[in-house]
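Student: I would like to go through this structure term by term. Please set each value against its definition.

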Amino acid sequence: MTEHAPDLPELSAYLDGELDAAAKQRVATHLAACPRCTASLAQLQALSADFRVLPGDSLGFDLAGVIEGRLAGAPRRPTERGERRERDWWLRLPVAVGAAASIAAGVFMGSALVSGGGATAPRMTAMRVFDTMPPGNLCIGLESCYVKGSLK
């Protein structure tokens, strides 16, 4: 039994003369001692000979030149992006109206704050929860509004 058994691509490369000198020598040494790989090489040689016998298909003309001529003569379509811009402009209309409304509302509220007549600063009522009186000075009853006794 030899150390290295070449696989089918390596045998094909050996047959086609694509291996470097060291690999070619290694495969040749293996083929001299291995009848199975020699039989595989013989099958590859027969297959290669059969491929060479096959008639070559020829169109009789240059197909690439025909395709290039047809592509050059075809009418140009507008780019999809430009076509889409022209077609979908009305889909952006609600977004534009919303943006304009937002800007108008911002200008109105900003002018109300600057003029000082319409808006007042909110009072800090959140901290009033620690007062004896609840926020808004609403008290259910006197007993619940005041702490009685010590909290030990």
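Student: What makes the pair Arg26 and Glu10 a salt bridge?

Tutor: A salt bridge is a side-chain nitrogen of Lys or Arg within 4 Å of a carboxyl oxygen of Asp or Glu. The closest N and O atoms of Arg26 and Glu10 are 2.5 Å apart, so the pair qualifies. Arg26 lies in helix H2 and Glu10 in helix H1 (residues 8-16), so the bridge links distant parts of the chain, 16 residues apart. Helices here are DSSP runs (H or I, at least four residues), strands are runs of E (at least two), and numbering starts at the N terminus. A search of the whole structure finds one salt bridge.

Student: How should I read the model itself?

Tutor: This is a predicted model: local features need pLDDT of at least 70, side-chain atom pairs count only at pLDDT 80 or more, and totals for chains, interfaces and linings use all residues. Residues are numbered from 1 along each chain as its sequence is written, and side-chain values use heavy atoms, leaving out hydrogens and water.

Student: Why is Glu10 called buried, and why is Arg26 called partly exposed?

Tutor: Buried means under 20% relative accessible area, exposed over 50%, and partly exposed in between (1.4 Å probe, protein chains only). Glu10 has 13%, so Glu10 is buried. Arg26 has 39%, so Arg26 is partly exposed.

Student: Where is Ala28, and what class does it get?

Tutor: Ala28 sits in helix H2. Its relative accessible area is 29%, so Ala28 is partly exposed.

Student: Which residues make the nonpolar surface patch?

Tutor: Leu59, Phe61, Leu63, Val66, Ile67 and Leu71 make a patch of about 570 Å². Patches take residues with over 30% relative accessible area and no salt bridge; nonpolar side chains (Val, Leu, Ile, Met, Phe, Trp, Tyr) are joined within 5 Å, like charges within 9 Å. Areas come from the Shrake-Rupley method with a 1.4 Å probe; for residues, only the protein chains shown count as cover.

Student: Why is Leu59 called exposed?

Tutor: Leu59 has a relative accessible area of 56%, so Leu59 is exposed. Leu59 is found in the loop between helix H3 (35-53) and helix H4 (63-73).

Student: What is the mean confidence of the protein?

Tutor: The average pLDDT is 79, and 67% of the residues score at least 70. pLDDT is the predictor's confidence in each residue, from 0 to 100.

Student: How many helices and strands does the protein have?

Tutor: Seven helices and zero strands. Of the 152 residues, 10% count as buried.

Student: Which residues does UniProt annotate as "transmembrane region"?

Tutor: The unreviewed UniProt entry gives residues 89-114. UniProt positions use the numbering here, feature names are shortened, and annotations may be inferred rather than shown by experiment. Over residues 89-114 the chain is 85% helix and 0% strand, with the end C-alpha atoms 37 Å apart.
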